[in-house]
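Have the sequence and the 3D view open as you read.

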Amino acid sequence: MIAAVQTSPEVFEQTFLLVRARILEIAATLDRLDRAEAAESVRADPRFRQIQQGLEILLSDGFHRAAQIQEIFSDQYDPTWMKKYLTTGERPALSPSVPH
Amino acid sequence: MYYIDPHIHMVSRVTDDYERIARMGCVAVSEPAFWAGFDRGSVDGFRDYFRQLTEFEPKRAGWSGIQHYTWLCINAKEAENVELSREVIKMIPEFINKPGVLGIGEIGLNKNTKNESIIFQEHVQLAMQLDELILIHTPHLQDKLKGTRMIIDMLMSDRRVQPERVLIDHVEEHTVGLAKEEGFWCAMTLYPITKCTPSRAADIIEAYGDDRIMVNSAGDWGPSNPIAVPDFIQELRKRGHPESKIKKIVYDNPLEFFRQCRRFEFTPPDVLADAVSAAEPVSAK
């Protein structure tokens, strides 16, 4: 980790208007969704729930909000994928010393 | 500040872009083989592409004083066609020892499919046989976390793979730790909408350190910014980071990784400038 050079108040001064603008942009987009016809169908879309979950994370404390939001928008990983995908015959012919 | 863009698709950019990035301080680029925007129909299509990467692009880059390096493979999108992929992989050794070729890349996954995984492993097999560096593309958006884990699973299951000879590209907040913890090199791509911004890349550097990490523009035929690396430099400067720290990420780190390639030859910009200056006629000085 590299220590951040700026203090928190300095970062806040530099980014306040930017954050304000981005929150307003999201708010206006949500308003636009609700104003348009068939807003209920969007609310039933699983991606809308992802956006709601992302917004909830913004209100939480901690240092890893960006990573948490990335994970919300990520597909599930299956640790047994290799057994399902790669049968022995489909794997490249590796040298005998290589376990796979 | 001099910098290196370790991932940029210059075949998709105009000559003016070489000139622009040179003026911003770019002294070298590395260009991985990638998707042309359409699926190529034959191995000869790739043969022509590899000639362009190894013959013409170094020349075109040189017109602006930029040193050009490249990586060879069939990209993950076209890897869905296993038969064609195997023909391309078989053809790579024809080009691998050309000057400026750094290794196999950008291989990886796109939609995390079975065929992509098979061809990924066959590329790794080739890299191991030829003792080459590997440059890896990780998928976009919702596929990225799963795809990065799958890629690391495949790499870690091959005992011959040395993590320090592999660069995992397009890492973001949720994947950078996975790559670094296993000892791989990694890179962040500064790309509009779908990848990292300069400020988020700077945040990641502050959180994960400046070892084994670099930044690139991945400038290509889509909406992208070939001078994104200077934007990142400016972001770190605005935050008060020292020049030596910035130089490590945008210049020293790419060189450290590339120097593992036995063919890698690089002329530092000051030496290059002296050579050009010495070659000029007296009346031109």
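## The sheet in chain B

Start with β1(B) and strand β2 (residues 26-32) of chain B, which pair in the parallel sense over three bridges. (Two strands pair if DSSP finds at least two bridges between them; strands are DSSP runs of E, at least two residues, and helices are runs of H or I, at least four residues, both numbered from the N terminus.) Look at D5(B): its bridge partner in β2(B) is V29(B).

Before going further, a word on the source: this is a predicted model, where local features need pLDDT of at least 70 and side-chain atom pairs count only at pLDDT 80 or more, while totals for chains, interfaces and linings use all residues. Residues are numbered from 1 along each chain as its sequence is written, chains are lettered from A and ligands numbered from 1 in the order in which they are written, and side-chain values use heavy atoms, with hydrogens and water left out.

Now zoom out: eight strands of chain B make an open sheet with parallel pairing, in the order β1-β2-β3-β4-β5-β6-β7-β8. At the edges sit β1 (3-5) and β8 (213-216) of chain B, each pairing on one side only. On average, neighbouring strands of this sheet are turned by 25 degrees against each other, direction ignored.

## Helices on the sheet

Helix α2 (residues 43-62) of chain B packs on the sheet and touches β2, β3 (67-72) and β4 (101-108) of chain B. Its direction makes about 170 degrees with that of β3(B). (Axes are lines fitted to C-alpha atoms, for helices over the stretch in contact, and angles run from 0 to 180 degrees between N-to-C directions; contact means heavy atoms within 4.5 Å.) α4(B) packs on the sheet too, touching β4 and β5 (133-137) of chain B, and its direction makes about 160 degrees with that of β4(B).

## Where the chains meet

How many residues of chain B are in contact with chain A? There are 37, and they meet 29 residues of chain A. The two chains bury about 2,900 Å² between them, 60% of it on carbon and sulfur atoms. (Buried area is the accessible area, with a 1.4 Å probe, that two parts lose on being put together, summed over both.)

The elements giving two or more residues to chain B's side are α4 (114-130), α5 (144-156) and α7 (198-208) of chain B.

Over all chains, the whole structure has 29 salt bridges. In one, the side chains of R23(B) and E19(B) meet at 3.8 Å, N to O. R23(B) and E19(B) are separated by about one helical turn because they are four residues apart in helix α1 (residues 15-23) of chain B.

Most residues other than glycine have a negative phi, and most peptide bonds are trans. Yet a cis peptide bond joins G105(B) and E106(B), with omega about -5 degrees, and E106(B) is found in strand β4 of chain B. A38(A), which is not glycine, has a positive phi near 65 degrees; you'll find A38(A) in the loop between α1 (8-35) and α2 (39-43) of chain A.

Terms used
Salt bridge = Lys/Arg side-chain N within 4 Å of Asp/Glu carboxyl O.
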